[in-house]
Amino acid sequence: MNKDQIKGVAKNIAGKVQENTGKIIGSKDQEIKGLQKQVVGKMEQTMGDAREAIEKTVKEITKP
């Protein structure tokens with residue numbers, strides 16, 4: 001796992017917690033902020049996945 005994947009997973013989890021906390025306390029604002037964090041987290045994780053795939057491909061191509 002690379003740093004983008006880790007940051008993405010962490011933000012996604014934090015967003016889920018914030019969304020659920022918003023539901024429990026009845027705060028639509030917190031729910032929305034939590035959903036936004038989840039989207040950003042998923043994007044970061046996807047970027048990390050792509051980065052990892054590119055690095056793996058480059059290693060395979062440059063093997064002697």
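View 1. The model shown is predicted. Its C-alpha trace spans about 60 × 15 × 10 Å along the principal axes. The secondary structure amounts to two helices and zero strands.

**View 2. The surface of the protein chain covers about 4,800 Å².** Carbon and sulfur atoms supply 63% of this accessible area. Buried residues account for 25% of the 64 residues. How many positive and negative side chains does the protein chain have? There are 13 positive and 9 negative ones. The centres of these two sets lie 2 Å apart.

**View 3. Helix 1 runs through residues 3-25.** The helix has 23 residues. From its first C-alpha to its last, helix 1 reaches 33 Å, close to the 33 Å expected at 1.5 Å a residue. Which residues of helix 1 are buried? They are Asp4, Gln5, Gly8, Asn12, Gly15, Gln18, Glu19 and Gly22. An α-helix has 3.6 residues a turn, so residues three or four places apart point the same way.

**View 4. Helix 1 meets helix 2 through its buried residues.** Helix 2 takes in residues 28-61. The buried residues of helix 1 pack against helix 2. Among them are Gly8, Asn12 and Gly15. Contacts in the protein chain also reach across the sequence. Of those between residues at least 6 apart, 60% join residues at least 24 apart.

**View 5. Glu44 sits in helix 2.** Is Glu44 buried or exposed? Glu44 is buried, because its relative accessible area is 15%, and buried means under 20%. Which residues does Glu44 touch, leaving out those up to four places away in sequence? Its partners are Asp4, Gln5, Lys7, Gly8 and Lys11. Among the buried residues of helix 1 are Asp4, Gln5 and Gly8.

**View 6. Val39 also belongs to helix 2.** Val39 has a relative accessible area of 48%. This residue therefore counts as partly exposed, since exposed means over 50% and buried means under 20%. How far is the C-alpha atom of Val39 from that of Asp29? The two C-alpha atoms are separated by 16 Å. Along the chain, Val39 and Asp29 are 10 residues apart.

Key
Residues are numbered from 1 along each chain as its sequence is written. This is a predicted model: local features need pLDDT of at least 70, side-chain atom pairs count only at pLDDT 80 or more; totals for chains, interfaces and linings use all residues. Side-chain values use heavy atoms; hydrogens and water are left out. Helices (H or I, at least four residues) and strands (E, at least two) are DSSP runs, numbered from the N terminus. Buried means under 20% relative accessible area, exposed over 50%, partly exposed in between (1.4 Å probe, protein chains only). Contact means heavy atoms within 4.5 Å. Accessible areas come from the Shrake-Rupley method with a 1.4 Å probe; for residues, only the protein chains shown count as cover. Lys and Arg count as positive and Asp and Glu as negative; His and the chain ends are not counted. The place of a charge is taken as NZ of Lys, CZ of Arg, CG of Asp or CD of Glu. The expected span of a helix is 1.5 Å times one less than its number of residues.
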